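Me: I am new to this structure and would like to know what lies behind the terms used for it. Please set each value against its cut-off.

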Amino acid sequence: MSGFAADVAGEGLQILGTLTARDGNLPEGAASLSLLGPDGPAFWAIFEASPEALDGAPDPLDRWSVRVVGALAERAGGTAIFPFSGPPWHPFLRWAEATGRIYTSPVGLLVHPTEGLWVSFRGAVALPHTLSLPALPSPCVSCVDQPCRSACPAGAMVPEGYDVPKCKSHIEAPEGVACRSGCRVRASCPVGIGRRTARQSAFHMAAFHPGAPT
């Protein structure tokens, strides 16, 4: 494990994928780009103990990301980039699919070989030197049952697109109570089992639809 990867792991994060200049359009001066995301339940335990999670101010996870990913980038001599800072918005989805480790699932969500449908990004670090990870195949190729296709009780997530209003209407309804603690589609992926805590899922669902009943 490189020094940078070890630093990333120490914060409960992991390098989900990398790009070099030949893989896609990187920020000016960057030789490579590393996409950083949560590394299973350890990540949430670290975040919950952080000042940002405890101070009661808005956007605690984004503020944590700015502090932590920013410090990781500074120590590595790179530049931190965030998916929530814009406009202009950085092309995280395009970067992800160019890594050879993150793919589009049968329901349109991104999928990762170890995180399943829970894959998400807390930031990226553009480095002045080359850092690369080998490609990994999509876990969907060997997934015979593909439970994600039928997991949405509202039928809001299909290959043709994600019907956000339909999803939120279901969450608001009495029959949507199970979805308020986390997306059923993401939870259905066999690869992602055990990779996200119930508290983390509930946190993200509340941020997605803060007006839903609790």
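Me: How many helices and strands are there in the chain?
Reply: This is a predicted model. The chain has eight helices and eight strands.

Me: What makes the chain as compact as a globular protein of its length?
Reply: The globule rule gives 17 Å for 214 residues, and the radius of gyration of the chain is 17 Å, close to that value, so the chain is as compact as a globular protein of that length. Along the principal axes, the C-alpha atoms fill a box of roughly 50 × 45 × 30 Å. Buried residues account for 44% of the 214 residues. Of the contacts with a separation of 6 or more, 67% are between residues 24 or more positions apart.

Me: Why is S138 called buried?
Reply: Buried means under 20% relative accessible area. S138 has 13%, so S138 is buried. S138 is located in the loop between β6 (123-127) and β7 (157-158). Apart from neighbours within four places in sequence, S138 is in contact with Y103 and V111.

Me: Why does D39 count as partly exposed?
Reply: The partly exposed class lies between the buried cut-off of 20% and the exposed cut-off of 50%. D39 has a relative accessibility of 29%, and therefore counts as partly exposed. The loop between β2 and α2 holds D39. Residues up to four places away in sequence not counted, D39 touches G12, L13, Q14, E115 and R195. D39 and V119 are 80 residues apart in sequence, with 9.3 Å between their C-alpha atoms.

Me: How do you know that β1 and β2 pair?
Reply: Two strands pair if there are at least two bridges between them. Strand β1 (residues 13-20) and strand β2 (residues 32-38) have seven bridges and are antiparallel. In one of these bridges, L13 has P38 in β2 as its partner. In β1, eight of its eight residues are buried.

Me: Which strands does β6 pair with?
Reply: β6 runs antiparallel to β2, and five bridges join them. L33 is opposite A126 in β6. Strand β3 (residues 79-81) also pairs with β6 in the antiparallel sense, over three bridges. There, A80 is opposite V125 in β6.

Me: Which way do the residues of β6 point?
Reply: G123, V125 and L127 point one way, whereas A124 and A126 point the other way. In a regular strand, side chains alternate between the two faces of the sheet. In β6, five of its five residues are buried.

Me: How many aromatic pairs does the structure hold, and why is the pair of F43 and W64 called edge-to-face?
Reply: The structure holds nine aromatic pairs. Rings pair if their centres lie within 6.5 Å, and planes over 60 degrees apart count as edge-to-face. The ring centres of F43 and W64 are 5.4 Å apart and their planes are at 80°, so this pair is edge-to-face. The pair links distant parts of the chain, with F43 in helix α2 (residues 41-48) and W64 in helix α4 (residues 60-76), 21 residues apart. F43 and W64 are both buried. One aromatic cluster is formed by F43, W44, F47, W64 and F203.

Me: Where does the charged end of K168 sit?
Reply: The charged end of K168 sits over the ring of F208, 5.0 Å from the ring centre. The distance cut-off for a charge over a ring is 6 Å.

Note on methods:
Residues numbered from 1 in each chain as written. Predicted model: local features only at pLDDT ≥ 70, side-chain atom pairs only at ≥ 80, totals over all residues. Heavy atoms only, no water. Buried < 20%, exposed > 50% of the residue type's maximum accessible area, 1.4 Å probe, protein only. Helix = DSSP H or I, 4+ residues; strand = E, 2+ residues; numbered from the N terminus. Phe/Tyr/Trp six-rings, centres within 6.5 Å; stacked < 30°, edge-to-face > 60°. Lys NZ or Arg CZ within 6 Å of the ring centre and 35° of its normal. Rg over C-alpha atoms; globule rule 2.2 N^0.38 Å. Contact = heavy atoms within 4.5 Å.
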